[in-house]
Amino acid sequence: MTAALGKDLVGLEHLSPEQIRLILDTAEPFKEVSERPIKKVPALRGKTIVNLFFEASTRTRISFEFAEKRLSADTVNAAASGSSVAKGETLVDTARNLEAMRIDMVVIRHGSSGAAQFLGERIRSNVINAGDGKHEHPTQGLLDLLTIRDKRGKIEGLNVCLVGDVLHSRVARSNIWGLLKLGARVGVCGPHSLMPRGIEDLGVTVFRRIEEAIEWADVLNVLRLQLERMETGFIPSLREYFRVFGVTLERLERAPRELTIMHPGPMNRGVEIDSRVADGPHSVILDQVTNGVAVRMAVLYLLAGGKPELADAAKRGGGE
Ligand code: CP
């Protein structure tokens with residue numbers, strides 16, 4: 001555990017701007033590790049980490065696993081199906097049984113908002129939230145911040161708009177907290193039915209038309225329409241949604257300045273984003289995925305008590 005970040009990472013809401021910058025700066029030297037032929041440093045040798053994924057994931061689960069292995073931690077993966085959760089065991093009982101096997105950290109994705117904090121308050125191990133319900137997805141928010149900083153050279157003063165299903169999006173919440181703390185202006189744009197009530201109170205500007213958002217923004221972070229979290233009635237149809245809110249090449253061609261296009265994935269091509277935009281020259285969608293590994297290495301390293309100033313030495317094989 002480190003005083004720099006506290007015991008757990010459950011969200012960006014309660015981190016200071018300095019703590020967020022610390023994670024981004026610590027991620028920088030770790031980027032290079034993934035470019036080596038032998039992608040391994042000994043920084044977390046001897047640490048045992050359990051990845052508990054109770055919801056589907058491709059990017060986050062595999063990215064955490066790569067980050068852990070590249071830091072030389074021992075890792076175990078568990079899912080709800082195939083574990084005793086399927087027989088009715090509680091989350092806390094599962095985690096306490098894992099702790100009885102002397103683990104050090106738990107990475108958890110869960111469908112319930114607050115699950116990561118709930119767990120962190122009840123076990124000794126460090127807990128990292130890999131997405132909890134509609135609450136937060138802090139490492140996604142951090143990798144988005146790192147990608148914006150890489151691409152635009154700064155975060156402060158930029159206009160960043162989150163487009164689409166803000167209501168169901170934990171990615172949107174982590175982005176809003178992180179961007180505002182680092183001095184960006186934040187916009188949100190989407191159908192009224194997919195906008196949380198009182199979202200303006202967070203200090204964001206609401207755009208009702210995608211054309212207005214595109215005119216205002218330097219960066220568009222396009223959110224996935226979370227069909228699995230919707231009952232019926234949020235939108236008339238997917239075709240209608242794409243027609244009114246889709247981020248298309250034709251719309252971007254009318255932008256007054258160059259836009260950076262982001263998407264946390266998984267994408268619904270032809271629903272929230274046109275393939276020509278997703279695969280186009282202004283898209284940094286795969287850079288986000290690449291940065292995810294470095295950001296997660298930084299979070300794991302700092303929570304394990306790694307000294308920020310030694311991250312550079314850690315990547316060279318010392319500085320544990
Ligand atoms: N961005 C993200 O959380 O993707 P996964 O659901 O694939 O982990």
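This is a predicted model: local features need pLDDT of at least 70, side-chain atom pairs count only at pLDDT 80 or more; totals for chains, interfaces and linings use all residues.
**View 1. Helix H5 crosses helix H11.** Here you're looking at H5 (residues 138–152) and H11 (residues 285–303), whose axes come within 8 Å and cross at roughly 120°. The crossing of H5 and H11 is right-handed. On the H5 side, look for Thr139, Gln140, Leu142, Leu143, Asp144, Leu146, Thr147 and Asp150; they touch Asp287, Gln288, Asn291, Gly292, Val295, Arg296 and Val299 of H11. Sort the residues in this contact by class and you get five nonpolar, six polar and four charged.

**View 2. Helix H2 packs against H11.** H2 covers residues 59–70, and its axis sits 8 Å from that of H11, at an angle of about 55°. Once again the label is oblique, this time for H2 relative to H11, and H2 passes H11 in a right-handed crossing. H2 brings Arg59, Thr60, Ser63, Phe64, Phe66, Ala67, Glu68 and Arg70 to the meeting, while H11 brings Val289, Gly292, Val293, Arg296, Met297 and Leu300. This H2–H11 contact counts seven nonpolar, three polar and four charged residues.

**View 3. Residues surround the ligand.** Around the ligand you'll find Ser57, Thr58, Arg59, Thr60, Arg109, His137, Gln140, Pro264 and Gly265. Ser57 uses its side chain: a polar atom there is 2.6 Å from a ligand oxygen atom. Thr58 has a backbone N or O atom 2.8 Å from an oxygen atom of the ligand. For Pro264, a backbone N or O atom lies 2.8 Å from a ligand nitrogen atom.

Note on methods. Residues are numbered from 1 along each chain as its sequence is written. Side-chain values use heavy atoms; hydrogens and water are left out. Axes are lines fitted to C-alpha atoms, for helices over the stretch in contact, and angles run from 0 to 180 degrees between N-to-C directions. Helices (H or I, at least four residues) and strands (E, at least two) are DSSP runs, numbered from the N terminus. A crossing is left-handed if the near helix is turned anticlockwise from the far one by less than a right angle, and right-handed if clockwise. Contact means heavy atoms within 4.5 Å. Ala, Val, Leu, Ile, Met, Phe, Trp, Tyr, Cys and Pro count as nonpolar, Asp, Glu, Lys and Arg as charged, and the others, Gly among them, as polar. A residue is near a molecule or strand if one of its heavy atoms lies within 4 Å of it. A polar contact is a pair of N or O atoms within 3.5 Å; within protein, one must be able to donate a hydrogen and the other to accept it, and residues adjacent in sequence count only if both atoms are side-chain atoms. Angles under 35 degrees count as roughly parallel, over 145 as roughly antiparallel, 65 to 115 as roughly perpendicular and the rest as oblique.
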